[in-house]
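Me: I have a structure open and want to learn how to read it. Can we go through it feature by feature?

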Amino acid sequence: NMFDKGSYCLLSLNLSTVEILREWRNKRLNFVSEMIVQNAICVTFGNFVAASPLAHTLMPCSFSRVLQMLDGFPIRYHGDEWDNQTLQVFLVPHSHNDPGWLKTFDGYYRDQTRHILDNMLQQLTDDPQRKMIWAEVSYFSKWWDDIDEHKRSQVQKLLKAGQLELVTGGWVMADEANSHYYALIDQLLEGHQWIQRHLGVKPTNGWAIDPFGHSPSMSYLLKGAGLKNHVIQRVHYSVKKHFAQQRLLEFSWRQPWDSASSADDITCHMMPFYSYDVPHTCGPDPAVCCQFDFHRLPGGRVACPWRVAPQPITEDNVKERARLLLDQYRQKSRLFRSPVLLVPLGDDFRFVDAREWEDQFSNYQRLFQHMNQDPTLHVQARFGTLADYFEALQRHLDSTQVSRLPAVGGDFFTYADRDDHYWSGYYTSRPFYKRQDRHLETTLRYCSHLCHCKSGQAQGRLWLFSYLTTGRRNLGLFQHHDAVTGTAKDAVVRDYGERLRRSVLDLRQVIQSSAHFLLLPDKSRFDQSQPLLQTDKPCRFSRLVVVYNSLEQRRTTVVTVTVDTPYAAVTEVESGRPITAQISVVWEEPTRASKNTFQLSFIVDLPPLSLSLYHVTRSSSGSAPRSEYHISAPDVRAEGFSVSPVQTQEDLKISNEHLEVYGHALSGLMQKLRLHSGQVRQVQVQFLWYGTRSDHRDKSGAYLFLPGDEGEQVSVTAPLVRVSVGPVFSDITSCFPHVTHRVRLFHIKGHEGRSLQIQNTVDIRSEFNRELVMRLVTDVANGNHFSTDINGFQMLQRRTLSKIPLQANFYPMTTAAFIQDQDRPGTRLTLLSAQSQAVAALKPGFLELVLDRRLQQDDNRGLGQGVTDNKRTESLYHLLLEVQTRNPPVTLSKPDHNTSLTLIKRTESLYHLLLEVQTRNPPVTLSKPDHNTSLTLIKRTEKSLYHLLLEVQTRNPPVTRSKPDHNTSLTLNKRTESLYHLLLEVRTRNPPVTRSKPDHNT
Ligand SMILES: [Zn+2]
């Protein structure tokens, strides 16, 4: 019944028509629900009440009155405000093209985007008054590849004439909550360099109208990329109202570390109303503004849900129509400090056909002509770009006494668009892909280091760069605000996932080739035609393992490789020194040990940006010690390993020289920590289920988190518990039905020895409308304060507030969160995360993370489906408890710039795990280099989702491997002058790099 008969016929025509109709229907449903909300509840989400001389007779009276009673505030004007300064209106045509959402990137391009751009070229060329802005370079570059030289030169002309403006210049309009700054820079670089290379222009204005909340890290990066101004839209409706009342909607966005200076400020324009579509951009009344969306003229496919249709502009109605529209412009203008007004004109995938272009432009041209000719109206309205608007704004500011906008600091999370609909669900939705994103990021980082430093010898190996470019673009594409957010349709999510996976595999080939080259003492003997690739074949003994440390710090850590025997040992190649190692069981099931696969873990100490070599051998006499197991289930065997029952009378305990961890005797879950100083602190791990509301109101979906009540603790009588003890690490594993939880202590120095590694393997595929949460319950006296990072770039302090709903107290955590005692000296508990997730600190001492969500229904934001394509997903953390000491002073100050840097350095070690390269067959004979030498890349056999180890094998005969020396001691030289040129440069140096201090002293 959703469709009329005509539409139904269309439905049967083809699938793409179905998609268009469905999209259209979702949009209509949104409008209808919006209208109901406005009429019945009158939470106005930024729609302000009209009380103006021009409008009072035209506004539906009852609507206006209800609004005035309940929310919003009247926007009043006398009518003489513009007598001395003309109202300058810039109508900015735009078309919001998601690089994947309901359709894949390629699907949208085929059905809509290319037509939009084709028409843009035609329409703007035909009429020099017409203008348009475009944001997504991923689409623009694809279209560019499809057009001929003549059209390309037309594009150049339009840019030069200022009719077309490329805004932001990112590969996509990036999500700002889950995305890491590395990936944000990646997509910005990719877009800007494409524009520079093909069009020779540089974007100066940002346009972020659809990301679900806004981050100051993004504004900092944009400023660094040369942008001067930025437009944002999705901000909490109450915050918008406050900003509107204070006339702060245009401000200088300042970074927290810039107290007085404004070098990093960017001029920011916050759109005042509910949405970026036409009903919510001309002024405060959507029922009026919708009448000026001429794509909705009667007879078309889209209508106005406010029941008043647009009218074509004619000689007869132009006066009345112009005044009605001007009234909206004037009201909106009263929310700003200047008489320069920005009015976007567009929506999702607008301007597809020539008819729509004609309807919008010719009707507005008649309206503008009428307005501009009447001097009593004091208005100049025209089509414009963002550049036109911001230049006019700047001219106005320069002409007034107050030439600077007010400064504002902070971020705009968590976003709510109406009621208690907080968008904190997407901080976790599709966690598998959020983890995969970080995996590609890391692989790309290795590649850019290893490949770049030998670029001089890159002739004939252009494929390396093509893989690198595709990898960067796939990572860039995934930063789109419906990709890394987990808010696209199932098929689109799979498309993104396949791109990420493909690029990781391709980049491994780049790494393999580059590492091969770097390790050859005689580079002239490198023959790239020889490499023969093998995938997924298990390694045999003996072999050489090459480990790459991609961090700029020295690093002590543990490397684990899969071996086929429990008799193995490791030596350092350079010194021949044996390395501390441990052999452990691979558990195929909680109670079943693999008979032919084992893990060999060994401790490595790596200089910054170095390749180090280790020799792994089969060794029955000098074999590395084996893990000892204590298991709660009876009759579990692991051949060759000591297995005994867990002692259930007292707490379980594992320890290293820094820490003792006590686990619950039955559940194995951590209860407390004893520090080196003897101090005992409570740190309990709990798992909880959140549901969704059971009444008739909206329920949780891909975007929204609407849990109703606080979560219930997962009740499990007695999970299988396994304690393993050894010289390299000790751990406690608890196997629950939906999560396998492991706490591991490494017996090493440095920050990785001082912190606990926590790993969760989550599988909630059997659940219905549930979300799984890990909560830490501690005795840290943080009050209601806690801190989260944003984009891995800076820390922001949060406060948990009881006056806002539960779901509003969840924030994005890109890489880290901490709680600390409010009194000094005190304690700080930091959780470093290898993936983005939602985090909250609902009570003093609590810190909790949403691990995965499975939701059966759509949450009415256009997606049209729930989230039920869950996968078995792993998450990884380091937990660090620091106690303030007096000498040397460790200040647990408010989170500031220094805190951020230290934390970020620590977090890097978590997700920039190590690159491991292996040779097959007789090791390290250091004979002459051989032409037949080839490196083979194999994937780890472990089914680890996020593991970043890469293995490269040689096929026969012995490879010469010098210890990577001067040629491989790399120095990373980041250009700091300009973020726009934030290409990583890697140099070789002689003598090698100075080593940095261990990072716990940093
Ligand atoms: Zn979008």
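Me: Which hand does the link of cysteine 282 and cysteine 289 have?
Reply: Look at the angle about the S-S bond. This is a predicted model. Here the angle is -90°, and the link of cysteine 282 and cysteine 289 is left-handed. Their sulfur atoms lie 2.0 Å apart.

Me: Is cysteine 282 buried or exposed?
Reply: Buried means under 20% relative accessible area. Cysteine 282 has 2% relative accessibility, so it counts as buried. Cysteine 289 has 0%, so it counts as buried too.

Me: How many disulfides does a search of the whole structure find?
Reply: It finds two. Cysteine 290 is joined to cysteine 304, S to S 2.1 Å. This pair links distant parts of the chain, 14 residues apart. Cysteine 290 and cysteine 304 both sit in the loop between helix 10 (286-289) and helix 11 (318-333). Their link is left-handed, with -100° about the S-S bond. Number the bonded cysteines in sequence order, and the pairing reads 1-2, 3-4.

Me: Now the metal. Which residues coordinate the zinc ion?
Reply: Find the donor atoms first. They belong to His96 (NE2), Asp98 (OD), Asp210 (OD) and His481 (NE2), at 2.0 to 2.1 Å. Along the chain, the donors of the zinc ion follow the spacing H-x1-D-x111-D-x270-H. Histidine 96 and aspartate 98 are both buried.

Me: Why is the site of the zinc ion irregular?
Reply: Start from the ideal. Four tetrahedral donors have ideal angles of 109.5 degrees. To count as tetrahedral, all angles must lie between 85 and 135 degrees. The four donor atoms of the zinc ion have angles of 90 to 165°, so the site is irregular.

Technical notes
Residues are numbered from 1 along each chain as its sequence is written. This is a predicted model: local features need pLDDT of at least 70, side-chain atom pairs count only at pLDDT 80 or more; totals for chains, interfaces and linings use all residues. Side-chain values use heavy atoms; hydrogens and water are left out. Donors are N, O and S atoms within 2.8 Å of the metal (3.2 Å for Na, K and Ca); water is not among the atoms, so sites may look incomplete. Four donors count as tetrahedral if all angles lie between 85 and 135 degrees; four count as square planar and six as octahedral if opposite donors are over 155 degrees apart and all others between 65 and 115; anything else is irregular. Buried means under 20% relative accessible area, exposed over 50%, partly exposed in between (1.4 Å probe, protein chains only). A disulfide is a pair of cysteine sulfur atoms within 2.5 Å. Helices (H or I, at least four residues) and strands (E, at least two) are DSSP runs, numbered from the N terminus.
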